[in-house]
Structures are given as C-alpha cells and as structure tokens.
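Dear colleague,

Please find the structure below, handed over for your use. My notes on salt bridges and on one helix follow it.

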Amino acid sequence: MKLDARIPEGPIENKWTKHKAEIRLVNPANKRHIDVIVVGTGLAGASAAASMAEMGYNVKAFCFQDSPRRAHSIAAQGGINAAKNYQNDGDSTYRLFYDTIKGGDYRSREANVYRLAEVSASIIDQCVAQGVPFAREYGGLLDNRSFGGVQVSRTFYAKGQTGQQLLLGAYSALERQIAKGKVKMYARHEMLELVVVEGKARGIIARNLITGELERHSAHAVLLCSGGYGNVFFLSTNAMGSNVTAAWRAHKKGALFANPCFTQIHPTCIPVSGELQSKLTLMSESLRNDGRIWVPAKKEDAEAIRQGKLKPTQLTEEQRDYYLERRYPSFGNLVPRDVASRAAKERCDAGLGVNATGEAVYLDFSAAIERYGKTEANIRGLHSASKEEILKLGKDIVEAKYGNLFQMYEKITDDNPYETPMRIYPAVHYTMGGLWVDYNLMTTIPGCFALGEANFSDHGANRLGASALMQGLADGYFVAPYTVGDYLADEILTGTISTDTDAFVQAEKEAQDRIDHLLNNKGSKTVDHFHKRLGKIMWNECGMERSVEGLTKAIADIQALREEFYKEVRVPGKAETVNPELEKALRVADFIELGELMCRDALERNESCGGHFRAEYQTPEGEALRDDENFTFVSAWEYNGDPSSAKLHKEDLNYQFVEVKTRSYK
Amino acid sequence: MNLTLKIWRQSGPKDKGAMKTYPIQGVEADMSFLEMMDMLNEQLVGKGEEPVVFDHDCREGICGSCSMYINGEAHGPGRGITTCQLHMRSFNDGDTIYIEPWRAKAFPVIKDLMVDRSSFDRVIAAGGYVSVNTSGNTLDANAIPIPKEDADKAFDAATCIGCGACVATCKNSSAMLFVSAKVSQLALLPQGQVEAADRVLNMVHQMDLEGFGSCTNTGACEVECPKGISLENIARMNREFLTAAVSAD
C-alpha cells in the first residue's frame with residue numbers, strides 16, 4: 001500500500017483555494033439521492049451533519065448520548081483560536097499555521113495545517129452569525145485571550161464554557177435540519193461495525209442502546225466524527241462514554257491508524273484522589289494566563305506541606321520555585337502543554353510535590369488578584385484603597401474571568417482557590433493520533449472519512465490549546481462539505497444501497513457474535529476491573545515518559561490482560577435491553593487492542609517529540625530530543641488480524657514552507 | 001461512611017416500578033455521588049444482579065446527562081451543581097438516601113433512573129436557532145458590536161445544560177425555564193431578531209404539544225437549576241410571546 005496524501009500542488013497559501021476551485025461538485029438534484037452517515041455529534045459531527053444537510057444530502061446522524069447536544073465537545077473550556085488579528089498584535093494566517101506546526105513539534109502535515117489556519121477566521125464569523133455569545137469588551141467587540149505556545153492573543157472564548165457555546169451553536173444548526181427532515185437523528189445509538197462493500201464504505205451496524213437491536217444503515221459515505229481515545233487510560237478528562245470503537249472498527253476493516261502513541265497529557269487537572277475515582281477534571285489552560293505555577297524550592301518545605309504542617313501561603317517568594325518561569329523565561333507559564341506537563345512531573349519526581357500522593361503542584365492566583373485589584377482601584381479612583389479592598393476588587397475580576405472554573409474546583413476539592421493556591425497535576429486529555437486521512441479527510445477506505453479528534457491530521461505530536469475546537473469546526477463546517485462532495489461525484493448513479501447484501505449480513509453477525517460472547521462468558525470480574533488495569537499499564541508505561549523496557553513489558557502485560565478479559569469478564573443482563581455494562585465491555589475490548597498498538601507505536605518511534613517522550617532520547621537539560629533524519633514521518637498502521645502483527649507504513653513529511661528547527665520556548 | 005440507599009427500580013417503560021433498598025459500606029467523603037453509584041453497581045454486578053441504570057457522561061457538570069432526584073431535590077442537596085458534582089461529604093454516616101428519576105409526563109422513564117428527554121430536542125428543533133447556513137461568507141464577526149451587558153445576559157441564558165432539573169422540580173412539570181433560556185439568548189442578540197416572533201410562538205407551541213405543564217411562577221426551577229438560569233428569562237419570554245401573539249396576522 002502506498003500512502004498518498006493527495007496534497008494539491010502550488011504555493012501553500014493557494015492550495016486550498018485552488019483545490020476548492022477544481023474539486024468536483026454534485027448538482028442539487030443529485031444530492032437528494034445521496035445518503036451520508038455521520039457518526040458522533042460533537043463539534044465535527046454536528047457541524048458536518050448540519051452543513052451536508054444544508055447542501056441537500058440526506059444525512060443520518062448517530063450519537064450514543066441521549067441527545068446530540070451532550071457530545072463531549074461540550075466540556076471544552078478555554079477557547080477557540082482564530083487568526084483574526086483583532087488585537088493588532090501581529091497575528092496572521094501564516095503565524096497561526098507556524099505556531100501550530102511548531103507546537104506539534106514538526107510532526108504534522110503542512111498543507112492540512114495551513115488550511116486549518118486559513119479557515120479559522122470564518123469559524124468565528126459563522127458562530128457569531130449563529131448567535132454564539134462570545135465574550136465581549138465594553139465597546140461591544142469580541143474579546144481575546146492568550147493560550148500556551150504562542151505570543152499573540154488569538155483565542156476567542158465564552159467564559160470557561162467555550163466548547164458548550166460552540167457545540168450548542170452547531171447543535172442548533174443540526175436541530176434546524178432535523179426539523180426540516182434533512183437529518184434523521186439516531187440518539188442513543190452506538191456504531192459497532194463499518195460495512196465495506198467492494199472496497200467502499202457503504203454503511204454501518206449500529207446498536208440501538210434502548211432496545212438492544214442491531215440496525216443496518218447504508219449510505220454513500222460514512223463520516224466518523226467520534227472523537228479521541230483518551231479513555232484507554234481509564235482515568236482521563238474525557239467523558240465516561242467517550243470511546244474508540246467507531247474508529248477502531250474502521251481500522252479493523254482497513255483504515256490505517258496514524259500516530260496512535262501521540263497523546264496529550266494536560267498539565268492542569270485536579271489531581272487523582274483515590275482508587276474509586278472515575279474521571280479527572282481539567283482546569284482550563286486559560287488559567288495559565290493569570291495563574292503562576294510553583295512548588296516549594298526546598299524538599300523540607302514540600303515534606304512539611306504534605307504532612308499538613310505548613311501552608312503554601314506561609315512560604316515567601318524566595319522559598320518558592322516558579323519553575324516554568326525559571327526554565328522558560330520567554331514563554332513562562334504559557335509554554336505548550338507537553339512541556340508544562342513534563343516539568344511538573346520532573347519537580348514531583350524530585351520530591352517536591354505538594355499533596356499527600358506527592359503528585360501535585362500549585363497554580364497560584366494571588367499575584368493576579370492583587371494586580372487586577374490595583375488596576376481596578378485606579379480605574380475607580382480609589383487611590384488610598386486598603387490591601388483588603390484591593391484584594392476584594394481583584395477577586396471580583398478573577399471571578400468574572402474564571403468563576404465557573406473556580407467553583408468547579410471548589411466543589412471537587414473542598415478548597416477555596418481564591419484563598420489558597422489550586423493543586424494541579426497532569427492528566428490524559430486529548431489524542432493527536434487517529435485515523436490516517438488524506439488532504440480530503442478520507443481514510444484509506446474509500447468513502448470513509450474521519451473528522452475532528454478522530455483523525456490525526458493537524459496537531460502533530462502535540463496540540464496547542466484552543467486548537468481542538470478550531471479543528472472540529474473547520475473540518476465539519478468548511479472542509480468536509482467540499483471534499484466529501486468530490487468523492488460523492490462518482491456516486492450519483494449508484495442509487496439507494498441495499499442493506500440485504502452479504503457485507504451487511506456478515507458485519508451484523510460479527511457484532512452479534514461479540515455481544516453473545518461477552519454475555520455468555522459468565523466470568524468473575526467486572527468490566528471496570530479490566531479497564532482500570534489497562535489504564536494503569538498505559539499510564540505507567542505509555543504516559544508522560546516511555547522507555548524500551550517499559551513499553552516491551554506493557555505489550556506483554558496487555559496481551560495477557562486481553563486473554564484474561566475474554567476468559568474472566570462478567571457482563572450481566574441481556575442484549576435486548578438497556579445494558580450499560582455490555583456497552584462498556586464492547587468499548588473496553590477495543591481499548592485493549594488499541595492500547596497494544598499505542599505501545600508498539602511508541603516503541604517504534606526512537607525519538608522524543610511533543611507528547612511522546614522517550615527516556616532514552618533527551619538533551620542534558622531534560623528536553624525532548626527529536627531525530628528529524630529518521631523520524632520525520634507519520635506512522636500509519638495497517639491492521640493484520642492482531643495488533644501485534646499490524647504493519648507499519650510511513651508517510652514522509654516534507655517541510656517545504658517551514659524550516660524544521662529545534663523547538664525552544666526558553 | 002455507611003449508608004442506606006432507597007433506589008427507584010423499573011425494568012422498562014411499562015413496568016410499574018418500586019423503591020428498593022440497598023445498604024452500602026465504606027463510602028468515602030471525597031467520592032462524587034456517581035462514584036458512590038459506581039461502587040454500588042460494581043457490587044451488584046459482582047453478585048450477578050443487574051446494576052442500576054442512570055444517565056451520566058462528562059462528570060463535570062456540563063453535558064447535562066446526569067439526572068437524579070435525591071432526597072426530594074433535583075440533583076440533591078447543594079446549589080448550583082449537577083448530580084455528578086455532588087460529593088458524599090454532603091452526607092453523614094448512617095444516612096438514608098432516596099434516589100428517584102426525573103418525574104414528568106414529557107420525560108417518560110426508560111429504565112430505573114434513566115428518562116427520555118428527547119422532548120427538549122424537539123422544542124429546540126421548533127425554533128431554537130438562527131437560520132443561517134454554513135458558508136464562510138457571513139459578516140465579519142466584529143461588524144455588529146453588541147453591548148457587553150446584552151452579550152453577558154445572552155451568555156448567562158445560553159449556559160443552560162438541558163438537564164431538565166427545572167421540569168423535575170416544578171410541581172406542574174413546566175419547561176418554561178428551559179424554553180425561556182433559549183428564547184432569551186436569541187432575543188437579546190441582534191442575530192436573533194429577524195425570527196424572534198416566529199421563534200417564541202413555535203417553541204411555546206411545541207412545548208405545549210410535548211405535555212409540559214404551565215408555569216405558575218413559584219420559582220422552584222430557578223432554585224434547583226444547576227446553572228443558575230434566572231426567572232427573568234421567563235418574564236422576558238412572556239413579553240416576547242405576548243408581543244408576538246398580538247402582532248401576529
């Protein structure tokens with residue numbers, strides 16, 4: 001198999017325009033006879049389903065939640081990037097493109113990233129037209145803030161609920177098409193198989209999660225917008241239901257899986273508190289605009305804090321180590337996520353962690369509260385304000401900016417972050433890897449597309465903050481509606497696709513067999529038992545730091561776990577009813593296979609880049625050491641009957657428009 | 001801590017359903033309410049019994065899936081939180097906790113604590129949007145300045161998570177808080193003006209069709225709303241509705 005990304009010729013700033021001008025179209029009368037399936041209704045799925053329906057296609061949209069509005073994009077907090085340059089701080093399409101390439105540690109595809117930067121401004125226009133209530137300044141214009149890894153202010157936001165507001169915008173566009181009958185919505189449905197007929201994606205098998213019935217759905221194209229696979233680690237910031245099954249089933253049917261080991265560990269999450277914890281909660285990166293990260297400078301102080309003998313507020317400035325500001329003076333607390341996460345781990349491993357487990361650092365707002373308080377006092381002409389009055393004013397400003405995040409933190413930890421610094425630690429958040437796609441976002445199965453977090457294309461080895469929302473909406477509103485049409489131009493004479501063919505019968509049987517096996521197994525251990533064990537293996541050996549020994553051991557452990565899972569798992573209840581344990585079991589079975597492939601990919605990549613940090617490859621200062629000569633490629637894995645016999649294909653990344661350099665934030 | 005749980009069990013929409021008692025030991029104060037439910041379910045599965053079915057997903061108070069009526073309150077004790085944000089430190093050792101589904105005609109029970117809230121989606125489909133197609137050729141986002149106060153109010157209304165606590169709390173099972181939040185958001189913004197009259201009439205009509213009750217202004221919904229959606233939105237919707245109704249042909 002030869003991977004062809006089908007990147008248009010020409011200068012980078014003309015590629016997308018030229019491609020759009022030359023791409024084939026489907027005339028409106030023909031669109032009415034073409035069916036499109038969209039799996040997932042997050043930012044990518046909802047925007048794609050709404051846009052394709054507006055264009056005239058017959059869309060069937062699927063989500064496992066009870067309503068499309070609940071997809072996990074809803075939980076994104078901080079913001080969405082766009083090269084609008086409203087702040088007149090030197091931003092441009094090229095700079096957003098460059099920042100994203102550099103932030104991804106030179107492991108993403110230039111043409112795709114440039115297109116993302118190019119359409120970013122339209123996303124903001126589109127969302128405002130839909131009535132998305134972005135934050136505004138007193139003059140009535142849109143406000144911006146900064147995110148990690150950049151030196152401009154290009155992030156648009158709606159308090160700490162940007163994902164919610166953007167998703168509700170896309171959801172309302174989707175509901176409008178549902179009302180018109182152009183989208184048929186299948187909520188509480190989970191895709192269990194991709195149906196491939198004569199080499200083309202022709203439909204899916206979905207399980208109705210209420211009746212348990214397996215349903216066959218056919219279409220001329222299938223768009224997988226099913227999100228990322230962070231839940232392979234059990235504990236992550238993902239929603240409980242987020243899973244890899246749709247993407248993994250496509251992989252098993254022939255879609256290559258790219259860069260599976262590129263996972264993002266987000267530096268600012270609420271630390272793990274106990275064994276029965278079910279998920280981790282993110283504290284938005286936007287907090288690093290104003291929060292300063294530190295640990296005690298001395299081990300004795302850290303020790304005393306862990307034992308409850310000392311309070312962080314008692315330490316003087318000299319007794320604190322603002323390690324990000326110290327190590328990376330030019331970006332300070334706003335270094336990219338991978339850098340910030342590793343630095344936190346490094347300090348905690350050195351014995352300077354500040355909670356009972358020793359795995360937490362401080363995120364401190366006291367300086368910001370005082371700074372804002374003073375400015376506000378000046379604005380109000382209170383030149384003799386007392387310290388208390390200044391702090392009160394400052395707290396009000398901080399509350400207006402981050403109120404919901406502070407409240408969320410307090411509800412979970414029972415600590416008041418206005419009075420004492422937050423305790424945070426890195427946690428699994430996002431997966432840059434995903435299904436391999438070409439410039440048209442098509443996987444290696446013709447007719448099967450992957451959008452948003454489900455594909456691999458835009459973020460390389462590390463995603464910059466506020467770029468996931470941008471990519472989801474770019475793919476769904478502005479890219480796929482064109483590029484899918486290019487494929488569908490060949491389908492105008494196909495007619496309705498029958499679901500009575502062998503391929504559908506066979507795919508349904510495969511899903512049925514998996515369900516029957518799990519329900520009849522009558523083992524002794526719960527699904528969560530296995531999921532937690534898988535998560536531990538992945539976190540320890542394929543998390544923030546990886547090594548040959550660790551990964552080799554992890555692969556063997558996962559293989560053994562998989563065998564045990566199929567022998568020992570216990571799934572109660574029946575198939576013909578609501579059965580959440582069965583849903584989990586089907587997802588975990590796929591996670592176990594994916595976990596092994598992630599470890600293999602991490603083992604194969606003998607370098608450190610972005611979120612992939614191999615202990616063997618680091619500079620004397622502990623920074624990631626890339627090997628551009630040998631690893632400037634996308635690893636794309638072909639399924640071959642078993643994760644351990646997956647075959648590696650390489651898509652070479654030829655940087656023509658950006659000079660590949662060592663990434664430095666110092 | 002050790003607790004006694006009284007949980008509504010109902011095998012399907014047609015089953016009558018009943019409260020069942022489950023003792024549970026070793027619950028920790030730092031656990032979330034849903035982690036406590038996970039613990040119970042792990043034990044039930046271990047014994048070969050069917051776990052309690054409930055909706056949940058993000059577990060950080062934003063997706064609006066979780067929906068438990070705990071000790072007679074939507075999302076349980078505490079203000080401004082969803083069930084998933086409720087922590088066991090709100091309870092004491094030896095407590096008996098009553099857990100029921102949302103109860104409303106427009107939210108039929110599917111199984112145990114899981115209800116069907118698709119009526120909310122249909123209300124939004126009736127007009128909870130601005131009719132603008134995806135094109136990339138809309139006005140520049142800064143072409144229409146919007147007073148910060150209006151934008152902030154629209155945002156506050158738009159933070160509704162569609163969980164249905166307002167309906168579950170209301171003695172009439174009215175959905176006025178939910179519907180008025182969307183009507184308000186779009187009525188406050190210039191983008192929503194063009195369709196404002198049709199929107200409010202169609203959404204209210206759909207709300208009535210779904211079988212939600214009427215609003216008698218007790219304000220219970222505002223108290224239990226995890227996102228603090230204000231009653232002012234209902235007042236604004238009434239105003240919008242009246243204006244639209246009298247000016248309709």
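A:Arg249 has a relative accessible area of 7%, so this residue is buried. Please note that the model is a predicted one. The partner of A:Arg249 is A:Glu193: their side chains form a salt bridge, with an N to O distance of 3.4 Å.

A second pair consists of A:Arg320 and A:Asp364, whose side chains meet in a salt bridge at 3.1 Å, N to O. This bridge again links distant parts of the chain: A:Arg320 is in strand S13 (residues 320-321) of chain A, while A:Asp364 is in strand S14 of chain A, 44 residues apart. Both A:Arg320 and A:Asp364 are buried.

Salt bridges with shared partners also connect A:Asp105, A:Arg107, A:Asp338, A:Arg605, A:Glu607, A:Arg626, A:Asp628 and A:Arg663 in one network. Over all chains, the count of salt bridges is 75.

A further bridge joins A:Arg24 to A:Asp486, where the closest N and O atoms are 3.1 Å apart. A:Arg24 sits in the loop between helix H1 (15-22) and helix H2 (28-31) of chain A, and A:Asp486 lies in helix H13 (residues 468-488) of chain A, so that distant parts of the chain, 462 residues apart, are linked. With 38% relative accessibility, A:Arg24 is classed as partly exposed, whereas A:Asp486, at 12%, is classed as buried.

I turn now to helix H8. In this helix (residues 299-306) of chain A, the buried residues are A:Asp301, A:Ala302, A:Ala304 and A:Ile305. These buried residues line one face of H8(A), because they fall within an arc of 160° when seen down the helix axis. On the other side of H8(A), A:Lys299 and A:Glu300 are exposed.

What do the buried residues of H8(A) pack against? Their contacts are with strand S12 (292-296), helix H10 (337-352) and strand S14 (361-364) of chain A. Strand S14 of chain A is also where A:Asp364, the partner of A:Arg320, is found. Just after H8(A), A:Gly308 adopts a positive phi of about 80°.

Yours sincerely

How values were computed. Residues are numbered from 1 along each chain as its sequence is written. Chains are lettered from A and ligands numbered from 1 in the order in which they are written. This is a predicted model: local features need pLDDT of at least 70, side-chain atom pairs count only at pLDDT 80 or more; totals for chains, interfaces and linings use all residues. Side-chain values use heavy atoms; hydrogens and water are left out. Buried means under 20% relative accessible area, exposed over 50%, partly exposed in between (1.4 Å probe, protein chains only). Helices (H or I, at least four residues) and strands (E, at least two) are DSSP runs, numbered from the N terminus. The arc is that of the directions from the helix axis to the C-beta atoms. Contact means heavy atoms within 4.5 Å. A salt bridge is a side-chain nitrogen of Lys or Arg within 4 Å of a carboxyl oxygen of Asp or Glu.
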